[in-house]
Amino acid sequence: MSNPHKGRTGLDRIRHAAGYSLEGLGSAYRGESAFRQETWLAAILLPLAFWLGRTWIETALLAGSVVMVLIVELLNSAVEATVDRISFELHELAKRAKDFGSAAVFLALAMTGTIWAAALWHRFTA
């Protein structure tokens with residue numbers, strides 16, 4: 001059985017997919033305060049990554065870790081929206097799903113903080 005919503009191919013599919021992606025980013029920015037805060041943090045940190053990184057690897061790690069936080073936050077928001085769509089009723093599995101998403105964001109933030117702290121330490125003490 002084929003999906004009637006999967007009929008586009010080639011450049012038409014890419015154009016529509018890009019549009020949906022931009023809609024998703026805009027919706028996340030408007031509707032998710034954590035994503036909005038992380039976007040503003042990324043607006044500051046991404047340019048700094050090019051200044052702080054001494055090699056392309058350091059720059060990629062610094063910038064990539066910031067982008068990873070945004071990606072994980074989007075996935076967390078998707079999980080939360082899906083759980084809320086199914087039911088607002090308190091349920092142990094819904095709580096676990098939301099807690100797992102939150103933990104993923106926490107780990108991404110911790111990883112980013114560690115990478116940035118190490119780069120700053122290396123830059124100003126070495």
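# Reading helix packing in a predicted model

Mentor: Take helix α4: its 34 residues should span 50 Å at 1.5 Å a residue, and its end C-alpha atoms are 48 Å apart, which agrees. The model is predicted: local features need pLDDT of at least 70, side-chain atom pairs count only at pLDDT 80 or more, and totals for chains, interfaces and linings use all residues. Residues are numbered from 1 along each chain as its sequence is written, and side-chain values use heavy atoms, with hydrogens and water left out.

Trainee: How are helices assigned, and how is the expected span set?

Mentor: Helices (H or I, at least four residues) and strands (E, at least two) are DSSP runs, numbered from the N terminus. The expected span is 1.5 Å times one less than the number of residues. Now apply that to α3. It has 31 residues and reaches 44 Å from its first C-alpha to its last, close to the 45 Å expected at 1.5 Å a residue.

Trainee: What span should helix α2 have at 1.5 Å a residue?

Mentor: Helix α2 covers residues 33–52. Its 20 residues should span 28 Å, and its end C-alpha atoms are 28 Å apart, which agrees.

Trainee: Where is the kink in α2 centred?

Mentor: First, the bend at a residue is the angle between axes fitted to the seven residues ending there and the seven starting there. In α2 there is a kink of about 25°, centred on Ala42.

Trainee: Which residues of α2 are buried?

Mentor: Buried means under 20% relative accessible area, exposed over 50%, and partly exposed in between (1.4 Å probe, protein chains only). In α2 the buried residues are Phe35, Glu38, Ala42, Leu45, Ala49 and Leu52.

Trainee: What covers the buried residues of α2?

Mentor: Contact means heavy atoms within 4.5 Å. The cover includes α1 (10–31), α3 (56–86) and α4 (92–125).

Trainee: At what angle do α2 and α3 pack?

Mentor: Axes are lines fitted to C-alpha atoms, for helices over the stretch in contact, and angles run from 0 to 180 degrees between N-to-C directions. Here the angle is about 170°, with the axes 8 Å apart. That makes α2 roughly antiparallel to α3. The cut-offs: under 35 degrees counts as roughly parallel, over 145 as roughly antiparallel, 65 to 115 as roughly perpendicular and the rest as oblique.

Trainee: Which residues of α2 and α3 meet?

Mentor: From α2, the set includes Phe35, Ala42, Leu45 and Ala49. From α3, it includes Thr59, Leu62, Ala63 and Val66. Look at Ala63: leaving out residues up to four places away in sequence, it touches Leu46 and Ala49.

Trainee: How does Thr59 sit in α3?

Mentor: Thr59 lies in helix α3. It is buried, with a relative accessible area of 12%. Beyond its neighbours within four places in sequence, Thr59 is in contact with Ala49, Phe50, Gly53 and Gly64. Other buried residues of α3 include Leu62, Ser65, Asn76 and Val83. The cover of the buried residues of α3 includes α2 and α4.

Trainee: Which residues form the largest nonpolar core?

Mentor: In soluble globular proteins, nonpolar side chains tend to be buried together. A nonpolar core is a set of buried Ala, Val, Leu, Ile, Met, Phe, Trp, Tyr and Cys residues joined through side-chain atoms within 4.5 Å. The largest one here has 12 residues: Ala28, Phe35, Ala42, Leu45, Ala49, Leu52, Leu62, Ala63, Val66, Leu70, Trp116 and Ala119. Two or more residues each come from α2, α3 and α4. The largest share, 5 residues, comes from α2.

Trainee: Which residues of α4 are buried?

Mentor: They are Ala94, Gly101, Val105, Ala108, Thr112, Trp116 and Ala119. These pack against α2 and α3.

Trainee: What does Arg123 touch?

Mentor: Arg123 is in helix α4. At 22% relative accessibility, it counts as partly exposed. It touches Trp51, Leu52 and Arg54, not counting residues up to four places away in sequence.
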